[in-house]
Amino acid sequence: MIPWHSRLASLPHPLPPPPRLPNLPSFRPRATLLSRVFRVPSGRFHRQQRPYGSGAVRALDAAQAFDYESRASEELEQRARLKIAIVGFGNFGQFLARTFAAQGHAILAYSRSDHSAAAGSLGAAFFRDPHDLCEQHPDVVLLCTSILSAEAVLRSLPFQRLRRSTLFVDVLSVKEFPKNLLLHILPPDFDILCTHPMFGPESGKHGWAGLPFVYDMVRIGESEDRADRCRRFLDIFAREGCRMVEMSCAEHDENAAEIQFLTHTVGRILAKLDLKSAPINTKGYETLLKLVENTCSDSFDLYNGLFMYNKNSTELLERLELAFDSLKKELFGRLHDILRKQLFESPNGSTAPVAKDN
């Protein structure tokens, strides 16, 4: 066997340079890249040691970075979440509850009729006893009854079981009546927000974007928490794209008499005519048929409430009757003129002689 130093001596001197390799990308990891991927907060690691011996290995365990942004977002959503008690869980109450639940709010439903199945489908708790409902201490009590039953239902609630700063909200179609009712019956510490979504299950079934939502902050406490709670409730409708209109209850009723009561009145008058669809329907006639369908799908109690609890409705009904009489007089007046011409004028335009009695 040739010694290693002899083999080394046989090599040419000096040694040829090593062959040049093409430029290849460096695979050495950069410190900046590692620092981005493996963020190791100072003092948040420990060493793991294996028993010393051949090839002792030491490893560094990096702690997982804490997701502060996710946690902050969850806390923000939790603070924005409201516990809403819907008093009157009928058709309109369920219509609103679907959007409330979709936005993550907790729903408590109360009704004299059994709507537990509808509540369960929305993940809402259903109550038949108002005492049990109020003991849940909701942030908001939403009065969603008919206009005619609003006072009786409100008086049946055990206010002493609620927090003294609870926010009461109504969604009735008239506003002066519930405002005065809430101010008169509720304890003075309770907040009051009068609202009217100017849409319903039919007109709002494809979304609320662009639909008007009227509100009047009648009595809201001065503390930031109570003002923030009111804003969070209003934000439910703003997030859905509603056109938010702040308006006094008196101004609302003055406008609603023409906008809402007149519409319902005309629709119900047309329903009395028992209109039928025909093969030659025009677009205007189709609009009238749709008006009948939309207005008569609501209960007569709603229509009656629009009349009884809005002082402007009586005046509007009288104006409507006068307008109809005026239109009839105009029509019959023109008919009378035509008949008069036919009876008392000759074909050439001269006045025909009137027959005299013998």
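C230 is buried at 2% relative accessibility, and C242 is likewise buried at 8%, where buried means under 20% relative accessible area, exposed over 50% and partly exposed in between (1.4 Å probe, protein chains only). Across the whole structure, zero disulfides are found, a disulfide being a pair of cysteine sulfur atoms within 2.5 Å. The model is predicted, so local features need pLDDT of at least 70 and side-chain atom pairs count only at pLDDT 80 or more, while totals for chains, interfaces and linings use all residues. Residues are numbered from 1 along each chain as its sequence is written, and side-chain values use heavy atoms, with hydrogens and water left out.

Another buried residue is V141, with a relative accessible area of 3%. V141 belongs to strand 6 (residues 140-143); strands (E, at least two residues) and helices (H or I, at least four) are DSSP runs numbered from the N terminus. Between the C-alpha atoms of V141 and L108, which are 33 residues apart along the chain, the separation is 9.2 Å.

Turning to charged pairs, the whole structure holds 14 salt bridges, each a side-chain nitrogen of Lys or Arg within 4 Å of a carboxyl oxygen of Asp or Glu. In one of them, E202 pairs with K205 at 3.1 Å between the closest N and O atoms; E202 is partly exposed at 36%, as is K205 at 49%. K276 and D274 meet at 3.3 Å, N to O, with K276 exposed at 53% and D274 partly exposed at 48%. D325 and K328 form a further salt bridge at 3.9 Å; these two residues lie three apart in helix 13, and are therefore separated by about one helical turn. A network of salt bridges links E224, D228, R231 and R232.

Helix 13 also features in the surface patches. E251, E254, E315, E318 and E321 form a negative patch, to which helix 10 (249-272) and helix 13 (311-344) each give two or more residues. The largest share, three residues, comes from helix 13. E318, placed in helix 13, is partly exposed at 47%. Patch residues have over 30% relative accessible area and no salt bridge, with like charges joined within 9 Å and nonpolar side chains (Val, Leu, Ile, Met, Phe, Trp, Tyr) within 5 Å. Asp and Glu count as negative and Lys and Arg as positive, with His and the chain ends not counted; the place of a charge is NZ of Lys, CZ of Arg, CG of Asp or CD of Glu.

A nonpolar patch of about 730 Å² is made by L327, L331, F332, L335, L339, L343 and F344, with areas from the Shrake-Rupley method with a 1.4 Å probe, only the protein chains shown counting as cover for residues. F344 lies in helix 13 and is partly exposed at 40%.
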